[in-house]
Amino acid sequence: MTMANPLRGEVVRLYKNLLFLGREYPKGESYFRERLKRAFLKNKDVRDPEKIKELIGRGEFVIKELEALYFLRKYRAMKQRYYEDKESP
Amino acid sequence: MALRALVGVKRVIDYAVKVRVKPDKTGVVTDGVKHSMNPFCEIAVEEAVRLKEKKIVSEIIAVSCGPQQCQETIRTALAMGADRGIHVEVAAKDAESLGPFQVSKIMAALAKKENVNLVLMGKQAIDDDCNQTGQMTAALLDWPQGTFASEVKVEGEKLTVVREVDGGLETISVKLPAVVTADLRLNEPRYATLPNIMKAKKKKIETVKPSDLGVDITSRIRVLSVEDPPQRLAGVKVETVQDLVSKLKESGRI
């Protein structure tokens, strides 16, 4: 039994944060959760701390992308419902 | 002078949910339906938080009126950066008839009680689409109002508000204290992330009753009927131009 990786906590936190964001995913929570789990499992054997940090960075980038996606989706819906598009012919 | 801000947040059926009308036409189905903060209220909260980050606002109080679940909405506001919450508890049965008039009386009473000088709200809620609460709150307090705000600037004792009006923008200057209602383009609200929601659990939410504020919440409006919008009728396909012309003549279009 090897000692727990010092980055373990950070990885778990990242997973939880992504899982929380997945609740609002347009294609459904289960769709998101499945893919999220698969993505994490794919890298379960990575031991190099530098590589793990890089992967965490990628996960954090996905969080930013999801937040932007949700914002845009809501903004578009509001714009469509409440504001007539005057530019369109 | 640091401002104290009161922000109204409403719990509504989530914007992405397909709303269904109850078979007895008394309202819409809310049981087991996903709810979240009204998008325009999110914009109001974001504006307050940005003013706090600029050190213009010293404290942000988030208020919501309704049943127990409204605390989740307040929690979202706290996660976005509000300092504390006030939950004005109204039983689910009474909350259905809670309209802009009743809520504005509550907001006005709280604005006085908490000694705030800026009341921020969404311009309207996506459920009843009333667009009245901000205006009525300003009237009850006898404060100036900046509605449909797409830009807010604080300059000393004054507020410069750029308003979205038909076909353009209007810039007004109002004296503080004032009521401001947020339009869609005011800002881009931040996401209430999981770590921030966890941190927000430490922030206080005070629960009060409308009667504690001396507000009577009986409604003066009776909902007669709630109905679906008319369904679009199916179209017809025509084979030739002649068919098209004759069909159009038939329906009296040409």
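The model is predicted, so local features need pLDDT of at least 70 and side-chain atom pairs count only at pLDDT 80 or more, while totals for chains, interfaces and linings use all residues. Residues are numbered from 1 along each chain as its sequence is written, chains are lettered from A and ligands numbered from 1 in the order in which they are written, and side-chain values use heavy atoms, with hydrogens and water left out.

Chain B first. Its secondary structure comes to seven helices and eleven strands, taken as DSSP runs numbered from the N terminus (helices: H or I, at least four residues; strands: E, at least two). The C-alpha trace of chain B spans about 75 × 40 × 40 Å along its principal axes. Of the 254 residues in chain B, 46% are buried, meaning under 20% relative accessible area with a 1.4 Å probe and protein chains only (exposed is over 50%, partly exposed in between). Among contacts in chain B with a separation of 6 or more, 71% come from residues 24 or more positions apart; contact here means heavy atoms within 4.5 Å.

An unreviewed UniProt entry lists residues 25-217 of chain B as "domain: Electron transfer flavoprotein alpha/beta-subunit N-terminal"; UniProt positions follow the numbering used here, feature names are shortened, and annotations may be inferred rather than shown by experiment. Over residues 25-217, chain B is 31% helix and 31% strand, with the end C-alpha atoms 23 Å apart.

Now for the interface. On the chain B side, 23 residues are in contact with 17 residues of chain A. Between them the two chains bury about 1900 Å², 62% of it on carbon and sulfur atoms; this is the accessible area (1.4 Å probe) that two parts lose on being put together, summed over both. In chain B, the most area is lost to chain A by B:Tyr15, B:Leu184 and B:Tyr191, together 42% of what that side buries.

The rule finds one salt bridge across this interface, which requires a side-chain nitrogen of Lys or Arg within 4 Å of a carboxyl oxygen of Asp or Glu. B:Glu42 and A:Lys74 form a salt bridge through their side chains, at 2.9 Å from N to O. On the side of chain B that touches chain A, the elements giving two or more residues are α1 (39-53) and α6 (194-200) of chain B.

Finally, A:Phe61 sits in helix α3 (residues 49-82) of chain A. A:Phe61 counts as exposed because its relative accessibility is 52%.
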